[in-house]
Amino acid sequence: MHQTDSAQTTAPAVPRQAAAPTGLSPSRAGDFMTCPLLYRLRVIDRLPEPPSPAATRGTVVHAVLERLFDHPPAERTPERALSLLHPQWQRLLTERPELAELFPGDEDGSAVARWLGDAEKLLGQWFRLEDPTRLHPAERELYVETVLGSGLLLRGYIDRVDVAPTGEVRLVDYKTGRAPSRDFEGKAMFQMKFYALVVWRWKGVIPRRLQLVYLGGGGDVVTYDPDEADLLAVERKLEALWEAISGAVATGRFPATRNRLCDWCDHQASCPEFGGTPPPYPLPVQAGPDGPTEPARPAGPDEPKSDESNKES
Ligand code: SF4
């Protein structure tokens, strides 16, 4: 089970010890590009985030789509997928009993039933977009990582890797939300280019196709065929991003940046943009050549963003 995007993230609601970042995943790279403070609170302070029904539904649907390929092609039917839904939900509940709190006061089980009904719709949508009887994934939920020449560690989980008889590789990611508008399509595909870069640097093969499968809304499949220039550009962008993150880590400056996801952010109470105060910066603030760097402070809205260019730490 992995966490590739915020819609799928169901972090445990228990405090964890603060830690310096050791590498980049697509989700956390996206966090920093969206709001450096959000990145800090998730990756460094590691503040707990309560599970949400939508994120948990995404986790269960991903698990069903992964397990469906345990069955022979002819048995990968909608009925088989639906039969896996309840067991996967029960398995997740066993692993993480706190998820039972997602449905408080649901004595008659109707809220859970509605929630599972929505998951069924997402699975039904998938069968309209892809035909699993014709797919032969080489990998599912594949953990990938590589270290770039600069020493930057990149890592993440790829939902599915298809390899054609000709050797061409396709990377596939399922999204349980709806497809973004054209304006935000590039941001979504950035995650896939990140994975393509990791696979290229890891295996020496540039994936032929990147594919996002959106199960929400009317359903959609978005593809992109990357080339070497694309991946070199992503590599440069990630190196620059890591430099910006390293600078922020050293100074403790992580400006809050209002964005369209603020309404869903679990950290408004720690965010100056919403009248909150971040916890004291937990890492040592490094001294610069001219003496100690001024202490970390909450950044105001006018502070320059660490990166103007724009699901794991
Ligand atoms: S509420 Fe918005 S600005 Fe504040 S930390 Fe969350 S994402 Fe950043």
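## Model and overall make-up

The model is a predicted one, in which local features need pLDDT of at least 70 and side-chain atom pairs count only at pLDDT 80 or more, while totals for chains, interfaces and linings use all residues. Residue numbers start from 1 along each chain as its sequence is written.

The protein chain has seven helices and seven strands; here helices (H or I, at least four residues) and strands (E, at least two) are DSSP runs, numbered from the N terminus. Read from the N terminus, the order of elements is α-α-α-α-α-β-β-β-α-β-β-α-β-β. Of the 313 residues in the protein chain, 36% count as buried. A residue is buried if 20 or more other C-beta atoms lie within 10 Å of its own, exposed if 12 or fewer, and partly exposed in between, with C-beta atoms placed from the backbone.

## Helix α1, enclosed on its way past α7

Let's begin with α1 (residues 26-34). Nine of the nine residues of α1 are buried, so this helix is largely enclosed by the rest of the structure. The buried residues include Pro26, Arg28, Asp31 and Thr34. Their cover includes α2 (36-44), β2 (153-163), α6 and α7. Residues are in contact if their C-beta atoms, placed from the backbone, lie within 7 Å.

Two packed helices are described by the angle between their axes and the distance between the axes. For α1 and α7, the angle is about 65 degrees and the axes are 11 Å apart. Axes are lines fitted to C-alpha atoms, for helices over the stretch in contact, and angles run from 0 to 180 degrees between N-to-C directions. The crossing of α1 with α7 is left-handed; that means the near helix is turned anticlockwise from the far one by less than a right angle, whereas clockwise is right-handed. Ala29, Phe32 and Met33 of α1 meet Leu238, Leu241 and Ile245 of α7. By class, the contact of α1 with α7 has six nonpolar, no polar and no charged residues. Nonpolar covers Ala, Val, Leu, Ile, Met, Phe, Trp, Tyr, Cys and Pro, charged covers Asp, Glu, Lys and Arg, and the others, Gly among them, are polar.

Isoleucine 245 belongs to helix α7 (residues 228-251). Isoleucine 245 is buried, with 24 other C-beta atoms within 10 Å. Setting aside neighbours within four places in sequence, isoleucine 245 touches Pro21 and Phe32. Arginine 40 is 205 residues away from isoleucine 245 in sequence, yet their C-alpha atoms are 9.3 Å apart.

Helix α7 also packs against α6 (residues 182-203): the axes come within 9 Å and cross at roughly 100 degrees. That makes α6 roughly perpendicular to α7, as angles of 65 to 115 degrees are called; under 35 is roughly parallel, over 145 roughly antiparallel and the rest oblique. Lys193, Phe194, Ala196, Leu197 and Trp200 of α6 make this contact with Asp230, Leu231, Val234 and Glu235 of α7. The residues of the contact of α6 with α7 are six nonpolar, no polar and three charged.

Helix α3 (residues 53-68) and helix α5 (residues 110-129) have axes that come within 10 Å and cross at roughly 45 degrees. That makes α3 oblique to α5, and their crossing is right-handed. Among the contact residues are Val60, Val61 and Val64 of α3 and Ala119, Leu122 and Leu123 of α5. The contact of α3 with α5 divides into 10 nonpolar, no polar and two charged residues.

Leucine 85 sits in helix α4 (residues 78-95). Beyond four places in sequence, the contacts of leucine 85 are Val60, Val64, Leu116, Ala119, Glu120 and Leu123. Leucine 85 counts as partly exposed, with 19 C-beta neighbours inside 10 Å.

## The ligand shell

The ligand is surrounded by 15 residues, of which Cys35, Ala256, Cys262, Cys265 and Cys271 are the closest. To be counted as near a molecule or strand, a residue needs its C-beta atom, placed from the backbone, within 6 Å of it. The shell around the ligand comprises nine nonpolar, four polar and two charged residues.

Methods:
Contact = placed C-beta atoms within 7 Å.
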